[in-house]
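Please look at the sequence and the model first, and then read on.

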Amino acid sequence: MADKEHVHGRNSLVWMEKISKKFGTITALQDVDFGVEGGEVRALLGDNGAGKSTLIKVLMGVYPPNTGQIYFQGQPVKISSPREAREIGIEAVYQDLALVNLMSISRNFFLGREMVKHFGPVHWLDVHRMNEICRKSLHDIGIAIRSPAERVGSLSGGERQSIAIGRGVHFGAKVLILDEPTSALSVAETRKVLTYIANAKERGLGVIFITHNVHHVYLVADSYTVIRHGRNVGTYFKGELTEDDIADLITGDREV
Amino acid sequence: MILEEPWRKKLARSFSMSTALGPLVVLIIIFLLFSATVPNFLTFRSVTGIINAITLTGTLTVGVTMLMISGEFDLSVGSIMAVGGYIYGALTMAQQPALGLILALVVPALLGMVNGLILVWTGIPSFIVTLGTKYLFRGLLWVVTAGTMLQTIDRPMIYNLFNGRLDVVNKFLTGANFRSSLLWLLLLVAIFQFILVRTRFGNHVFAVGGNRGAALGQGVNVKFVKVMGFVITGALAGFTGILLFSQFYTVRVASGDGLELSAIAAAVVGGTLITGGAGSIWGALVGALIISMLRTGVVLMDIPYIPADNFEAIIGATIIAAAILNNYLRGQSS
């Protein structure tokens, strides 16, 4: 792992520089620098209301920043919708918003990117092919499913997370944003999801792991960015601080 | 790998995977019960009567069901149907059948678009938007037609196209009265069931109704799906107006009032989830048949204290029973 001086800057996979965002008179973010390298798991830590989700929504193109610039693979980019973010390879996995529970695994997997067959102007879904590719692709990442036709609603929380992660990896995401991916999971399920995250990292993806609880992310993350009251408190690499140190930074009980 | 599950759970799962399977079983049970116990029920006359009674509601519910799956309601379809009926009636009476057909589909489609655009521009729930346009469209129709009813004694060929007797079939079956409107209904059900489960648009309809946020996150054009759903539903309501005039040779400003609720009832009895995300067109067709069959059966049974024209109570009980059954099956499967 590279040291602090040589990573995290405009040449990172994603780099957000001096991002500020105001809602009316309320400052949600003030000059925040944040980014992730390829093959790195970056924890984004902060208490509720610290600005984590606002920062990610700026990255996903949901909110335009008031000031600041986003760089992707070294190039300045303007992202104005989640669709645009996805097109350049930034995929977000939100806890409740990732999958449609009443639809099958395969239909969720290909939602918005369905495969079709044509006959003249008539087109229809190539259900068989989508099922096959979905099953194979998830299998390759180490995710076993009973059937691609099974409804997502009958899966456990961990299985749902894994399918959303597998989908991102399959469709060539370069950055994977996970919002509290393990907070509602059992210990065994958490362990599984963490292996999928490690798997994505090994494939060279940059993973942003958002959480308010350092315990969820301490072991899996390579570096930690703590934000508090909309400001970047600091970025630390694995081994620099203990779990308790980071917890204190999140709450502001102690400065480093 | 197939995991072992108890047969009851397995059965319940296949029932919930196909929302129309439960209603179909109910339909068959009711049919057998009535056939065994009600005099004159199992005749071609009453069976074709049951079927002919659903052509208007059935055509309306094709669009209404699709909208409900996408999480929206359309209460204005009865009014739009009357608009379609006037346009088609007036133009066929003026010897302009082709123009009548086109305008009776296009104008209702545009009215549907008005519903959809108000919805996506204002964010007001579609229940409220279409409650408003239900009265608005009918009010405009009253202004344009000066409230006069349209009626004709002419019988141009085009009326046969939409509601002619299918004598090729009927002459072999005593008392049968199959109409071409049934073929149109079946064709529309087949087309829209295909669109719903086998096309990209249909996939997006389910996604938008099942989890709007997830659909948005995956790049589904939610607003397009919503507006398009209302446009299709409007056009289908216009087509229902064509069927109406071809059947009765008359249309009034008040024609079709209340049919919007029958269409929703058919969808619900047919297994469509009122909160969106699940349902099927052919299930709604089965739902419409269940209601129509109960009506005929109850009328023929001639039960004391339940007069023949009080079948509303039966329909009401059916809707609630269907909703309970659907909830139960869904609960068993998850």
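The model is predicted: local features need pLDDT of at least 70, side-chain atom pairs count only at pLDDT 80 or more, and totals for chains, interfaces and linings use all residues. Residues are numbered from 1 along each chain as its sequence is written, while chains are lettered from A and ligands numbered from 1 in the order in which they are written.

**Chain A as a whole**

Chain A has eight helices and twelve strands. Helices (H or I, at least four residues) and strands (E, at least two) are DSSP runs, numbered from the N terminus. The C-alpha atoms of chain A fill a box of roughly 60 × 40 × 35 Å along the principal axes. The radius of gyration is taken over C-alpha atoms, and the globule rule is 2.2 Å times the number of residues to the power 0.38. For 256 residues a compact globule would come near 18 Å, and the 19 Å of chain A agrees with this.

Of the 256 residues of chain A, 45% count as buried. A residue is buried if 20 or more other C-beta atoms lie within 10 Å of its own, exposed if 12 or fewer, and partly exposed in between, with C-beta atoms placed from the backbone. Two residues are in contact if their C-beta atoms, placed from the backbone, lie within 7 Å. Among contacts in chain A between residues at least 6 apart in sequence, 69% join residues at least 24 apart.

**Two open sheets**

Two strands pair if DSSP finds at least two bridges between them. Axes are lines fitted to C-alpha atoms, for helices over the stretch in contact, and angles run from 0 to 180 degrees between N-to-C directions.

One open sheet of chain A has six strands in the order S6-S9-S10-S3-S11-S12, with mixed pairing. Its edges are strand S6 (90-93) and strand S12 (231-237), and each has a single partner strand, so one side of each is left without a neighbour in the sheet. Neighbouring strands of this sheet are turned by 20° against each other on average, direction ignored. Helix H8 (residues 243-251) of chain A packs on this sheet, touching strand S3 (41-45), strand S11 (223-228) and S12, and its direction makes about 25° with that of S11(A).

Another open sheet of chain A has four strands in the order S2-S1-S4-S5, with antiparallel pairing. S2 and strand S5 (75-77) stand at its edges with a single partner strand each, so one side of each has no neighbour in the sheet. The twist averages 30° from one strand to the next.

| Strands of chain A | Sense | Bridges |
|---|---|---|
| S9 (residues 175-179) and S10 (residues 206-211) | parallel | five bridges |
| S1 (residues 14-23) and S2 (residues 26-36) | antiparallel | seven bridges |

A:Ile177 stands opposite A:Ile208 in S10(A), and A:Val14 stands opposite A:Val36 in S2(A). The hairpin of S1(A) and S2(A) has two residues between the strands, and A:Gly24 takes a positive phi near 60° there.

**Helix H1 of chain A**

Helix H1 (residues 52-59) of chain A is largely enclosed by the rest of the structure, because seven of its eight residues are buried. Those residues are A:Lys52, A:Ser53, A:Thr54, A:Leu55, A:Ile56, A:Val58 and A:Leu59. Just after H1(A), A:Gly61 takes a positive phi of about 85°.

**The largest nonpolar core**

A nonpolar core is a set of buried Ala, Val, Leu, Ile, Met, Phe, Trp, Tyr and Cys residues joined through C-beta atoms within 7 Å. The largest one has 158 residues, of which A:Val175, A:Leu176, A:Ile177 and A:Phe209 touch the most other members. Helix H13 (residues 222-248) of chain B gives the largest share of this core, 13 residues. Not counting residues up to four places away in sequence, A:Val175 touches residues including A:Leu13, A:Val14, A:Val36 and A:Ile208.

**A glycine of chain B**

B:Gly116 lies in helix H6 (residues 97-122) of chain B. B:Gly116 counts as buried because it has 28 C-beta neighbours inside 10 Å. B:Gly116 and B:Val231 are 115 residues apart in sequence and 7.3 Å apart in space, C-alpha to C-alpha.

**The contact between chains**

The contact takes 23 residues from chain A and 22 residues from chain B. On the side of chain A that touches chain B, helix H2 (82-88) and strand S8 (122-125) are the elements that give two or more residues.
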